[in-house]
Amino acid sequence: MLARHRTTLGQLARNYCTAPSQKAAPQPDTLPTVQLNSGSPKRMPMIGCGTFTGTRKTQKVEEGAMKANTLKWFSLGGRMLDAAQNYLNEAEIGEAIEEAIRTGLVTRDEIWVTSKLNNPYHRKEHVRPALEKSLLDLGVDYIDLYLMHWPTAFVYVPFGEDKNKKGFSLDYEPDMCSKVTGVEWSELNGRWPPPHLDYGVSIHETWGAMVELHKEGLIKNIGVCNTPVALLHELIAGSPEVKPAVVQHEAHPYCQQWGLLKYCQMNGIQFQGYSPLGYGFMASAAEVSVLRNPHLERIAAKHGLQPGPGGVAAVCLQWATQRGSAAVPMTLHENEMRSNLATGSLLQLDDEDMKTILLLDRNHHFLSPEDWYGLPYWSSVRQPSTGLNVMTDNQPVPPEQQFQPSA
């Protein structure tokens, strides 16, 4: 499967480099958009395209794949990109943006570019250089939405020679900061605290620096990711004059985040879900599958959608937007892009459908930061040896997979 992706996307990239100037399909009129609380007149599409394909040590696609994917997304009518400095592919996405604008495929005003502040740059003196690096790599002079990727500060990792050129060298490693600490996460064997956590900076310091960049116009909207309600409330209490415009968090039928969604709505904040189909790079083969849930399959069939994961994916995205959530599914397939962009036109879920999906919530996170830097963010308990979550549903957990807390 991966080899097929590589061949197709590599050829696609070459085709786009030589294709004559063309205008992209317009964003579908039926695709929902939203006005954010910043007052900026530009509306954010409720459905975007994710760009995560792995990190330095786990990259899953070849060079050129994200450029081709971005150009294809634009050509089909997609306009919102969910990028991040930590994904290490913003320079490639920037090549696609530059080419798309230069050839008349899209204009800068038509597209929505999201980026994220990486963990090693939470100190106030590091926030601006991190943003400037993303601006350089993406080839734009402003970011539509800039998110604090995680509410966790890491020790500073210098950009070095990469600061003034596009992209990152292979020596740059921001996930475990191993080039700075000299320690790989796998070598710690659970010892606490890991050396890459920075205890000298708070979320308020980081947010204050982001607010200043927002006031300067380098960022049109600011927000946060992966913050629970208590921490989000603490952030707002410390900066009531500038609330987050967006809160992005894992959200899908197995992890519905109703409390966080309600808090966002009470405060005029747009909630946005990543991994909205409950699968992707972070999913284990042994984990439960949203796209093969029989209840969701029956809902898809009821509305005349194709059988299998494609129909369920359409149900999941419609469910997200009907409850007021934006979503950023990641795909490398044109047919899936087309289906994602048809959200709002394929079906309308009724009360019975919504109640059925409500009962599927398991508080199941496919993303587990505890595996990366030891912080058990989520209330669901993750079994270390298998990667499975211990879920309180009708499917009993085998004894060999049950979590045994240490004494």
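Here is a walk through the structure above, from the whole chain down to single residues.

Keep in mind that this is a predicted model. The protein chain has 407 residues, and 54% of them count as buried. Along the way it forms 13 helices and 12 strands.

Let's start with how some of the helices meet. Two packed helices are described by the angle between their axes and the distance between the axes. Take helix H4, which covers residues 124–138, and helix H6, which covers residues 203–216: they pack at an angle of about 45 degrees, and their axes are 8 Å apart. That angle makes H4 oblique to H6. The crossing of H4 past H6 is right-handed. Which residues do the touching? On the H4 side you'll find Lys124, Glu125, Val127, Arg128 and Leu131, and facing them from H6 are Glu205, Thr206, Ala209, Met210, Leu213 and Glu216. Sorted by class, this contact of H4 with H6 has five nonpolar, one polar and five charged residues.

Now look at another pair, helix H9 (residues 294–302) and helix H12 (residues 351–358). Their axes come within 10 Å and cross at roughly 165 degrees. Angles over 145 degrees count as roughly antiparallel, so that is the label for H9 and H12. H9 passes H12 in a left-handed crossing. From H9, the residues His295, Leu296, Ile299 and Lys302 meet Glu352, Asp353, Thr356 and Ile357 of H12. By class, the contact of H9 with H12 is made up of three nonpolar, two polar and three charged residues.

Stay with helices for a moment and find Leu235, which sits in helix H7 (residues 229–238). Is Leu235 buried or exposed? Its relative accessible area is 1%, so Leu235 is buried. What surrounds it? Setting aside neighbours within four places in sequence, Leu235 is in contact with Ile203, His204, Trp207, Val224 and Pro244.

Next come two glutamates. Glu99 belongs to helix H3, residues 90–102. Its relative accessibility is 5%, so Glu99 counts as buried. What does its side chain reach? The side chain of Glu99 makes a polar contact with the side chain of Lys67, at 3.1 Å.

The other glutamate, Glu173, lies in a loop, between strand S6 (145–148) and helix H5 (178–181). Glu173 counts as buried because its relative accessibility is 3%. There's a polar contact here too, in which the side chain of Glu173 pairs with the side chain of Ser178 at 2.6 Å. Not counting residues up to four places away in sequence, Glu173 touches Arg56, Lys57, Val157, Ser178 and Lys179.

While you're in that loop between S6 and H5, have a look at Cys177, which lies there as well. It brings us to the backbone. Most residues other than glycine have a negative phi, and most peptide bonds are trans. Cys177 has a positive phi of about 55 degrees, although it is not a glycine. With a relative accessibility of 0%, Cys177 counts as buried, since the cut-off is under 20%.

Where else does a positive phi turn up? Gln257, another residue other than glycine, has a phi near 60 degrees. You can find Gln257 in the loop between strand S8 (246–250) and helix H8 (258–266). Its relative accessible area is 16%, so Gln257 is buried.

One last stop on the backbone is a peptide bond. Which form does the bond from Trp192 to Pro193 take, cis or trans? This bond is cis, with omega near 0 degrees. To see it, go to the loop between H5 and H6, where Pro193 lies.

Conventions. Residues numbered from 1 in each chain as written. Predicted model: local features only at pLDDT ≥ 70, side-chain atom pairs only at ≥ 80, totals over all residues. Heavy atoms only, no water. Axes fitted to C-alpha atoms, helices over the stretch in contact; angles between N-to-C directions. Helix = DSSP H or I, 4+ residues; strand = E, 2+ residues; numbered from the N terminus. Parallel < 35°, antiparallel > 145°, perpendicular 65-115°, else oblique. Left-handed = near helix turned anticlockwise from the far one by under 90°. Contact = heavy atoms within 4.5 Å. Nonpolar A, V, L, I, M, F, W, Y, C, P; charged D, E, K, R; others polar. Buried < 20%, exposed > 50% of the residue type's maximum accessible area, 1.4 Å probe, protein only. Polar contact = N/O pair within 3.5 Å; in protein donor to acceptor, adjacent residues only side chain to side chain.
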